[in-house]
Amino acid sequence: MSTVTIVLIVIAVLMVAAIVVLYFLGKKAQDKRAEQQNQMDAVAQQVSMLIIDKKRMKLKEAGLPEAVVAATPWYAKNSKIPVVKAKVGPQMMTLICDAEIFDEVPVKKEVKATVSGLYITKVKGIRGGNATQDTKKKKGLRAWALRKQKELDQETRKNK
């Protein structure tokens, strides 16, 4: 056999092995996410809050408790997360928002939110129905990934 053929066979075998490994890692991550979602749904509660500000910030700059920052893996500490500053009752709180609903959260309005610990999972406006805003379709890799994730979540909910 020629050298080129051997190199191509080795590359093909490595690619197949990589695809198999990624498949099993993805399956494991999907199961872990489903388990975490069930735990979050179990402790979720409805809270009325006034949204003061929202933005994407680094975890270290967000003003979250030290326990949250310490529990975060090293590779995620520099990534930007959706943060919402809200007045819940008499307290000012900094909460982490779900990336899928971050664009729907209205600023300077009172909303009813489903909160699980420090994590906002669902938002509904108190006055005027839903808090959704009509925005133009976003472009880019992140927007595409969020749309695909939302479609997959809807499919899994329908299949259950």
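**Reading the aromatic pairs and the fold**

Guide: The structure holds two aromatic pairs. Please bear in mind throughout that this is a predicted model.

Visitor: How is a pair of aromatic rings described?

Guide: A pair of aromatic rings is described by the distance of the centres and the angle of the planes.

Visitor: Is Phe24 buried or exposed?

Guide: The reading rests on relative accessible area, where over 50% counts as exposed and under 20% as buried. Phe24 has 54% relative accessibility, so Phe24 is exposed. In the other pair, Trp74 is exposed with a relative accessible area of 74%, and Tyr75 is exposed at 61%.

Visitor: Which elements does the protein contain, and in what order do they run?

Guide: The protein has three helices and five strands. Starting at the N terminus, their order is α-β-α-β-β-β-β-α. The radius of gyration is 21 Å, whereas the globule rule gives 15 Å for 160 residues, so the protein is more spread out than a compact globule. The C-alpha trace spans about 75 × 35 × 30 Å along its principal axes.

Visitor: How many side chains are positive and how many negative?

Guide: There are 30 positive and 15 negative side chains, and the centres of the two sets lie 4 Å apart.

Visitor: What share of the contacts joins residues at least 24 apart in sequence?

Guide: Among contacts between residues at least 6 apart in sequence, 58% join residues at least 24 apart. Individual residues illustrate how contacts are read. Asp153 lies in helix H3, which covers residues 141–159. Leaving aside neighbours within four places in sequence, Asp153 is in contact with Arg33 and Glu100. Asp153 has a relative accessible area of 14%, so Asp153 counts as buried.

Visitor: Where is Thr114 placed, and which residues does Thr114 touch?

Guide: Thr114 belongs to strand S4, residues 110–116. With residues up to four places away in sequence not counted, Thr114 touches Ala44, Gln45, Gln46, Tyr119, Ile120, Thr121 and Lys122. Thr114 is buried, because its relative accessible area is 12%.

Visitor: Where is Asn78 found?

Guide: Asn78 sits in the loop between helix H2 (66–71) and strand S2 (80–88). Again not counting residues up to four places away in sequence, Asn78 touches Lys58 and Lys60. The C-alpha atoms of Asn78 and Gln149 are separated by 22 Å, and these residues are 71 apart along the chain.

Visitor: What phi does Lys108 have?

Guide: The general idea is that most residues other than glycine have a negative phi. Lys108 has a positive phi of about 60 degrees although it is not a glycine. Lys108 is placed in the loop between strand S3 (91–97) and S4. With 67% relative accessibility, Lys108 counts as exposed.

How values were computed
Residues numbered from 1 in each chain as written. Predicted model: local features only at pLDDT ≥ 70, side-chain atom pairs only at ≥ 80, totals over all residues. Heavy atoms only, no water. Helix = DSSP H or I, 4+ residues; strand = E, 2+ residues; numbered from the N terminus. Rg over C-alpha atoms; globule rule 2.2 N^0.38 Å. Contact = heavy atoms within 4.5 Å. Lys, Arg positive; Asp, Glu negative; His and termini not counted. Charge placed at Lys NZ, Arg CZ, Asp CG, Glu CD. Phe/Tyr/Trp six-rings, centres within 6.5 Å; stacked < 30°, edge-to-face > 60°. Buried < 20%, exposed > 50% of the residue type's maximum accessible area, 1.4 Å probe, protein only.
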